[in-house]
Amino acid sequence: MHTSSTISGAPPTLVVGSGSRHLAEAVEHGTGLRRAACTAERFPDGEVSVRLDGPVRGHEVLLLAATSPPVNDHLVELLAMADACRRADAARIVALIPYFGYARSDRRDGRRTPIMARLVAELAERAGIDHVITVDVHTPALEGFFRSPVDNLSAVPALAAALQRRPPLDGVIVAPDLGAVRLANRYATALGLPVAVCYKQRLGGSEVRIARITGDVAGRRCIIIDDMISTGGTIVESMRALADAGALPNTIVAATHAVFAPGALEKLERAGVDELFVSDTIVPVAEVGGRLEPHVVSIAPLISTAVHRLLEGGSLRELA
Ligand code: R5P
């Protein structure tokens, strides 16, 4: 793939953080970018230690770094890498953040709480990030938290294509909460299926309740979609409410971000999830001995296309 260069003639350079190493080779191959040698370690006291092992002066840097669990480590590493690139005089720093941690903290919930997504945006800009490209970010508010451009790509076309290989004719796409309705509509359009919506109340970090469902689910096979699965609580509670409403068993689940807190896969398996589709914005963790093995769809081609278009000065809108 052809790549452009900056005015100084320096070629664009890929720098990869610990949370995205599993994508590095495919993105390097898909973009033709040179990957800068970079060391990311921890000091004995847990502090993050980052070093670029080659020059980036005058280069456009594509910094591929998901802020996936361990979120705080990966976030500090992203900031440290951006700061290192800026101090080494990179021409522009574009952060490719396939999973944007803390995006769920996009407003105060009425108590004395921070807005972490906004704080992360400020830190990222302070560290020198000029442009952010992310995937199915939890909140559209993120764009407003940055002054710099933000492009939100979507893994839905790739996940829908994987589901398309065996679409249940009697299926219904289910949004497990109001925040997932936009995604649900995209899946429904791609698969030609109707949509149902669950009304979710969050009772705690890992406890949710579905108060009611709109849409016709009785006698139908449900495809529950979401932007992320963390504890699995949302999916399991949705399955319970859908079963009460007469939905068929053998639920299919599709989510962009496989955050998978410890025990999440086991919980989904116990609840009877039949098939699970996720992308690799986060390195997928298989649970030892588990029956439920996720089908993993790679976002590397999406990222590569986005980088290609960006460097050619094209629009990323079609990838959103
Ligand atoms: C919340 O609004 C998100 O879209 C997900 O539904 C939620 O974060 C999933 O978390 P968990 O798997 O812990 O229920």
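Predicted model: local features only at pLDDT ≥ 70, side-chain atom pairs only at ≥ 80, totals over all residues.
Reader: OK, the ligand. Which residues come nearest?
Author: There are 14 residues around the ligand, and Arg104, Asp226, Asp227, Thr231 and Thr234 come nearest. A residue counts as near if one of its heavy atoms lies within 4 Å of the molecule.

Reader: Which elements supply at least two residues each?
Author: β10 (195-202), β12 (221-229) and α7 (233-244) do. The largest share, 4 residues, comes from β12. Helices (H or I, at least four residues) and strands (E, at least two) are DSSP runs numbered from the N terminus.

Reader: How far is the polar side-chain atom of Thr234 from a ligand oxygen?
Author: That distance is 2.5 Å. A polar side-chain atom of Lys200 is 3.2 Å from an oxygen of the ligand, and a polar backbone atom of Gly232 lies 2.8 Å from a ligand oxygen. The protein buries 93% of the 380 Å² that the ligand exposes when taken alone; accessible areas come from the Shrake-Rupley method with a 1.4 Å probe.

Reader: Switching topic: where is the cis peptide bond?
Author: The cis bond joins Pro69 and Pro70, with omega about -5°. Pro70 sits in the loop between β5 (60-64) and α2 (71-87). Most residues other than glycine have a negative phi, and most peptide bonds are trans.

Reader: Then what about Asp89 and its phi?
Author: Asp89 has a positive phi of about 70° although it is not a glycine, and its loop runs between α2 and β6 (92-97). Asp136 also has a positive phi, about 35°, and belongs to the loop between β7 (131-135) and α4 (142-145).

Reader: Is Asp136 buried or exposed?
Author: Asp136 is buried, at 4% relative accessible area, while Asp89 is partly exposed at 41%. Buried means under 20%, exposed over 50%, and partly exposed in between (1.4 Å probe, protein chains only).

Reader: Now the sheet. In what order do the 6 strands run?
Author: The order is β2-β1-β5-β6-β7-β8 in an open sheet with parallel pairing. β2 (34-35) and β8 (150-153) are at the edges with a single partner strand each, so one side of each has no neighbour in the sheet. Two strands pair if DSSP finds at least two bridges between them; β5 and β6 are joined by 5, and Leu63 stands opposite Ala95 in β6.

Reader: What about β14, and why is it largely enclosed?
Author: Of the 7 residues of β14 (residues 273-279), 6 are buried, so the rest of the structure largely encloses this strand. β14 pairs in the parallel sense with β13 (residues 251-258) over 5 bridges, and with β15 (residues 295-297) over 3 bridges.

How values were computed
Residues numbered from 1 in each chain as written. Heavy atoms only, no water. Polar contact = N/O pair within 3.5 Å; in protein donor to acceptor, adjacent residues only side chain to side chain.
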